[in-house]
Amino acid sequence: MDFVDARAERRSAAVRSALLFSSPTAKQPTFTVRKLRSNELTILSTKNRVLPNTQIFLAIPNDPQLSQVQTLNLLTTQIVDNTFSEFVILPISPPSPSPPPSISPPHPPPMLPMGVHNNNFIANCVFEPYSTCWSNKNVSNTHLTSNSTLSNCGIVCRDATSPNDFGNVLAIDVGPETGGRTIRLSPEETIVSLMEVLLNPHNIKTNPQPQPHSSSCNILSPHSRIDNTQKLCNIFLYNHAVVENSSIVKNAILFPGSRIEDNSVVYSTFLQWNASISNSDVRNALLMECSHAGPNSNVKDSVIGSDSHVSNGEVVNSLLGSSLNSHHQSLLISLIWPLGRGNVGYGANVGSNHTGRSADQEAWVGEGVFFGLSCVVKFPLDLTFSQYSIIAAGVDLLPQKIMFPFSLVAPHADYVEEATGLPPQLDQLHPAWLLKQSPYSLARSELKFRNRRKSKHHNYAAFEIMRPYIVDLCINARQRLIDAKGARSINDKGKFYTEKHISGLGKNYITERGRVESVAAYTKFIQRYCLLNFLSCLELGGGVTFEKGDSPNSTLVGLNEKVVLPWNEGAFYADCGLSLERHWVRVMLEEFPEIRRRSLGGGRRGGLTVQDDLSKHLLQILVNLDDEYCGAVLDSKQRDDSRGKRVVPLYGETHASASVDPVCVGVKREGQVIRDRIENVKKNFGAGRRSKL
């Protein structure tokens, strides 16, 4: 089932329910509905209470072998100890030699007798054959399809003041708590569709949506189940959706495999495939596929992306992308974090409306950002262009815009304040810190994203870290570091730079040593990217052709201004007059000017083959860069091992060493694969044929 199928199924179910309520005797494919006969009414009344003017019908399977006597016997045993009012269709469920095929739910329901038993009050309900309604207090305006179960619940009803629009009636404000970024949600939304609205402000109020599917009742699809819940109102459950042991569920749509459980309170919320809520308060929210809220979460006016988990904290007016984790007590307010992939540490306060005035500020966060323990993040904030950066523990992050990917923001060093007189509120920025000090974290992240992504309907979330747009941001960041001027020389502590000297630093400073090391780290990342693509191109045909149009072009309009999402990168480069497919070629010509001089010269075309000395030199650079990368990953893990052994007793007995760590082993294996690929290229394309690239 895809998004279109899901919407069609919901519409079909609503239409089918409406038909059963308005024309109960209309023909059904698997069962027949007819009025209760006088002798059947007499038998029913002996074990149930039927209020005056109640219309009662029977839903009987289309089984030619089912006799009138068997129907009476089943009516006697399957409809027991209830009170009926207004309009009711009751099920007759004979033993079936070949019951409808089903997929066992992850948590099998308790074995309850089929039929309608021990309910205090039932009105305006439809129970199809093989459904179960057992021991509920008050059930009204509800449709149980075959093999669905409703048991041990309090009030199950429809709120007449808010129609069951099983479609697109949920409007929420993401970003500023005071409003301004209103989006209208349907249950089938993706991050792609929502960002299309947010990045086009003129569409925010009026983004088109499919027509809703109104229903006058709650609908439980086949094999769905609701148990032990105090109050339910205006709900739609797809196949194998479950609500159990909860407090209140109102205005909710649960896709197949989704769950609400453990004392949860849920209002106006959509759960996509296999999403779940446990012991949490969730209101006005969309939980995308395989996402989870709980335990002890408070989610309001927010979107939780696929494969993301939030627990023990608060999420308000936020859009969180895929594979994002917030497992600890923390606060997330007014975040636009579309690409997710981040982590939130214990005690992180991301959303401090510190002005004491209107709560009209927000933060835009880039993919992979980590908010450390007890950091305090003040608004407004823009980390869109600081992908895979870390806000260290205890940092008090002022309102600012930072434009350096793979960075670390660390607390202000005391000696700097004493020696320089720089304001104490400035933090220290370490650009490219993850590339030079913790490549293990990036390698582990890539493995984690690949292995933990369970969603099947959000394939746009499967993007690589090393991709053209990220590389161009690194090129831009490196150039700003190279162009730095006017640094302050302070005693024997070296030079220091602030936003006055290097744009994009925000309210932070960097040291001269940090600047030089960051330039080198960015350069290695950039060159490794283009040389890996060069190797892939050689594998296609033994050579590569360069053209004048591949010459470096630094005019990427809006690179640090426009939010470019992975699925929009092709359009972004096309608008800049560049080819996404030949992006690596442009980067390679800029990183290695010798190629332009020797291959292009004064002509319009040129190329390299495997046998060219320059190609061999470039491939050797790739080998060296990859060896250095593999060594850096191993070294960063070994530093952790060494520190752990010094501090923790018997550390080596319970922790995997770098030599057997799956991340290190995988990186080492990939490095060997690259060396083997290079040898195969040299062996297979000795004649020097060029690929069309």
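**Terms and values**

Modeller: H583 is found in helix α11, residues 583-591; helices here are DSSP runs of H or I with at least four residues, numbered from the N terminus. This is a predicted model, in which local features need pLDDT of at least 70, side-chain atom pairs count only at pLDDT 80 or more, and totals for chains, interfaces and linings use all residues. Residues are numbered from 1 along each chain as its sequence is written, and side-chain values use heavy atoms, with hydrogens and water left out.

Colleague: Why is H583 called buried?

Modeller: Buried means under 20% relative accessible area (1.4 Å probe, protein chains only). H583 has a relative accessible area of 1%, so the term buried applies.

Colleague: What makes α11 largely enclosed by the rest of the structure?

Modeller: Eight of its nine residues are buried, so α11 is described in that way. Among them are W584, R586 and E591.

Colleague: What joins the side chains of H583 and D472?

Modeller: A polar contact of 2.8 Å joins them. The term requires a pair of N or O atoms within 3.5 Å; within protein, one must be able to donate a hydrogen and the other to accept it, and residues adjacent in sequence count only if both atoms are side-chain atoms.

Colleague: Which residues is H583 in contact with, leaving aside its neighbours within four places in sequence?

Modeller: Contact means heavy atoms within 4.5 Å. On that basis, H583 is in contact with P468, V471, D472, Y529 and Y573.

Conventions
Helix = DSSP H or I, 4+ residues; strand = E, 2+ residues; numbered from the N terminus. Buried < 20%, exposed > 50% of the residue type's maximum accessible area, 1.4 Å probe, protein only.
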